[in-house]
Amino acid sequence: MFLGLRLTSARHVLCRQYSAAAAIKPDIKLLKQLRQETEVSMTKAKEALVKNNNDYAKAMAWLEQDAQVAGAKKAQKVAGRTAGEGLISIASVVAEGAPRRSTMVELNCETDFVSRNDVFKNLASRIAATSLLLHDSSKAVEQIPVDSLLQAPLMPHPDDATATPDATKTVQEVIVETIGKLGENITLRRAAVASGSAVGQYIHGGDAATGKMGGFAVLEPRKVQVNADALTKVARQVARQVVGYNPQYLHQEDVPAGESADVSEIVLTKQPFMLNPDLTVAEHVDKAAKEAGIEDGAVVTGFLRWQVGEGIEKKENDFASEVQKAASGN
């Protein structure tokens, strides 16, 4: 008899616990907000809210922990895969009384399909913005150590004026989370900074901040004390030249002995200027500077051009197979 009572009581307790769990439903407004803020799936957002009794802060913390665990597992699984696609991203800053500065990063993934995903594009732009704060240079163009950038706190997207920096997550940690979301190997390949009186940048094959090719051009007036704001437009023109005509050297004296290529093809300052082939790039810069009121003219002091995946051996996949791979999560 006592055994029967105990069994009946246990059943009642289990039923009450089941009923309480079943009664918890995700708050619709919180569900929408959670998905907008985190870009997780509907299923994952519901799970986070239900497990945390619709406590938004706890649901966010649960999702962050879950993303790190899932991302780490996925990152370990895909670590050996070739990441030969991706994006070039550029960010710039202008501070009164200081040299103009721009940074460029290359973030790689496995397929072109993923490189066009908004989550991936946002990450590339945020890493470029982060690199602006990480490295200051007195050189025209200088490489940024990737290891240092990976350990830096990831900054908000440069177009998000309302966002506040979250110093709790590093670039590396967010890359790992993104691997979990997108299912592909993602690597930060390289980063560089350009600094000078006038820095022009140009992105091709994408939008204003990310694309498949990117370039810098740094210009300086011959007299440093001169206000170089008038050179900004010219610097952008030269950056377009750099991306479009792919020079290998800045000056003729930089060309190694024995190089057989025509200097007008491989030396930036000797190339015909694309908008006026009667002038070389060096002649155009000098002429434009003088026309803008800089009496002693200006010179190009540095440049850099990158193309996504250059130098990386990769398999050629058709677009249909990329879509199928992304959809299957492999």
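Biologist: In which loop does Asn246 lie?

Modeller: This is a predicted model, and in it Asn246 lies in the loop that runs between helix 9 (232–245) and helix 10 (263–266).

Biologist: Why is Asn246 called partly exposed?

Modeller: The relative accessible area of Asn246 is 35%, and the term covers values between the limit for buried, under 20%, and the limit for exposed, over 50%, so Asn246 counts as partly exposed.

Biologist: What is the phi of Asn246?

Modeller: Asn246 is not a glycine, and yet its phi is positive, at about 50°. As a general point, most residues other than glycine have a negative phi. Asn53 is also a residue other than glycine with a positive phi, in this case near 50°, and its place is in the loop between helix 3 (42–51) and helix 4 (56–78).

Biologist: How do you know that Asn53 counts as exposed?

Modeller: Its relative accessibility is 56%, and exposed means over 50%, so Asn53 counts as exposed.

Biologist: What makes Asn122 partly exposed, and where is its place?

Modeller: The place of Asn122 is in helix 6 (residues 118–134). Its relative accessible area of 31% falls between 20% and 50%, and Asn122 is therefore partly exposed. The C-alpha atoms of Asn122 and Pro156 are separated by 9.3 Å, while along the chain these residues are 34 residues apart.

Biologist: Which residues meet in the contact of helix 2 with helix 3, and how many of them are nonpolar, polar or charged?

Modeller: From helix 2, Leu30, Leu31, Leu34 and Arg35 meet Met42, Ala45, Lys46, Ala48 and Leu49 of helix 3. By class, this contact of helix 2 with helix 3 has seven nonpolar residues, two charged residues and no polar ones.

Biologist: How many helices and strands are there in the protein, and what share of its residues is buried?

Modeller: The protein has 12 helices and 10 strands, and buried residues make up 42% of its 330 residues.

Note on methods
Residues numbered from 1 in each chain as written. Predicted model: local features only at pLDDT ≥ 70, side-chain atom pairs only at ≥ 80, totals over all residues. Heavy atoms only, no water. Helix = DSSP H or I, 4+ residues; strand = E, 2+ residues; numbered from the N terminus. Buried < 20%, exposed > 50% of the residue type's maximum accessible area, 1.4 Å probe, protein only. Contact = heavy atoms within 4.5 Å. Nonpolar A, V, L, I, M, F, W, Y, C, P; charged D, E, K, R; others polar.
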